[in-house]
Amino acid sequence: MNFFLPTQIITGKGCVKASADKIAALGKKCLIVTGKSSAKKCGALEDVISTLESKNIQYYIYDKIEQNPTIKSCIDGGMLARHFSADFIIGIGGGSPLDASKAIAVLAANEITENDLYSMNWKNEPLKVIAIGTTAGTGSEVTQVAVITASDGRKKSFRANSVFPVLCLGDASYTEFMPDSVTRSTAIDALSHCIESYFCKTSNDISRTVAKRGIEIIYNVFRGIVKGKKIDFEMRENLYLASLYGGISISVTGTAFPHALGYFLTEKYSVPHGTACAVYLPEFIRYNEKNAECIYRELFEDIDDEELIGLIKAIAPKADVKVNEDVFKEVYPRWINNSCLSKMYGDITADSLDKIVRKCVK
Ligand code: NAP
Ligand code: FE
């Protein structure tokens, strides 16, 4: 077994201000990385600023991170951090600003090319990153992965232990400001991480235990929503915890075919990340019922699998896309030697992935 999680996780209302000493221990100059407006709207930016000011830490706010962050914004951010002589980075946001913070942390310490970033070819230790989540989805706060849109428009990731955030400050009250569609899409992303990781051959007992707990939590929250319950703070806290459990699980295994097949829907049709995973998640569950019988039964001891599939369909926003034959052909080469293939139970090939895409994307 191999399990490594160097991130200190502190959750609960008010945890940012309560962690002032830990933040101050990282240095005297901080680059704050956010998206366009949500960090302000949800109150997280204000909490960070007052905490930094209380400790006389200088800061600069870089608020140019777009959804599915581009390599260009990360390179610009890296340059800014270098010129400002930032000692550390605080990323505030959903997965986009958090992933961008990891790339910026590398690019601040290393003047390297895009290719070097993706191939983890750098010498200097990246700056330390504090991750403050404002969505309950990606779990990027606790992963060593960053997904950054490359110059060719493709979503590509890099994975390095040195970009695990040193500190995750998880205050679910920030997530109360998410629009309903973002709440749903990001919750499905978290669920997808847990389910995909659970069924990877690379999982271990720790990752499966954590993933199973994440699935149970989200299953219960979704049941409440479908029965008409308003999403209250307790449900928000539960969703946020489950998103961390998803992150912890994929930090061990990476993701499987719902993620791999979902990226082109985001790149070409702007389908939000979690919604893109939801397109394939029911099929993924059915696939593993046939191919990973033993661990499948263990997962679905106390959870009704058909009910879970129904909940996913009821909760996920609809991905309204029409994919034509040219696009199916264009993306086919991505399925050849796709890294998810070797992690899956059963006999799965590029052709199987092509069939799944054609079946699920209507
Ligand atoms: P996101 O792209 O970070 O944000 C989506 C939208 O929600 C943005 O418009 C954002 O606004 C808004 N938003 C965020 N928090 C909000 C809040 N509290 N209140 C109101 N609006 C809020 O969404 P995400 O789903 O969290 O992240 C998706 C990205 O993460 C993708 O690029 C995906 O590939 C990546 N990902 C990474 C990992 C990993 O392990 N590193 C895992 C899965 C996915 P602003 O733009 O104003 O902030
Ligand atoms: Fe994801």
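I take buried to mean under 20% relative accessible area, exposed over 50% and partly exposed in between, with a 1.4 Å probe and protein chains only. The model is predicted, so I required pLDDT of at least 70 for local features and 80 or more for side-chain atom pairs, while totals for chains, interfaces and linings use all residues. Residues are numbered from 1 along each chain as its sequence is written, and side-chain values use heavy atoms, without hydrogens and water.

**Helix α11**

I took helices as DSSP runs of H or I with at least four residues, numbered from the N terminus. I looked up the cover of α11 and found 10 of its 13 residues buried. These are Phe257, Pro258, His259, Ala260, Leu261, Gly262, Tyr263, Phe264, Leu265 and Thr266. I then checked the length of α11 (residues 257–269): at 1.5 Å a residue it should span 18 Å, and its end C-alpha atoms are 18 Å apart, which agrees. The expected span is 1.5 Å times one less than the number of residues.

**Iron site**

I counted as donors the N, O and S atoms within 2.8 Å of the metal (3.2 Å for Na, K and Ca); water is not among the atoms, so sites may look incomplete. For the iron ion (ligand 2) I found Asp189 (OD), His193 (NE2), His259 (NE2) and His273 (NE2), at 2.1 to 2.2 Å. Their sequence spacing is D-x3-H-x65-H-x13-H. Aspartate 189 lies in helix α8 (residues 180–198) and histidine 259 in helix α11, so the pair ties together parts 70 residues apart in sequence. Aspartate 189 counts as buried because its relative accessibility is 3%; histidine 259 is buried, also at 3%.

Note on methods
Chains lettered and ligands numbered in written order. Helix = DSSP H or I, 4+ residues; strand = E, 2+ residues; numbered from the N terminus.
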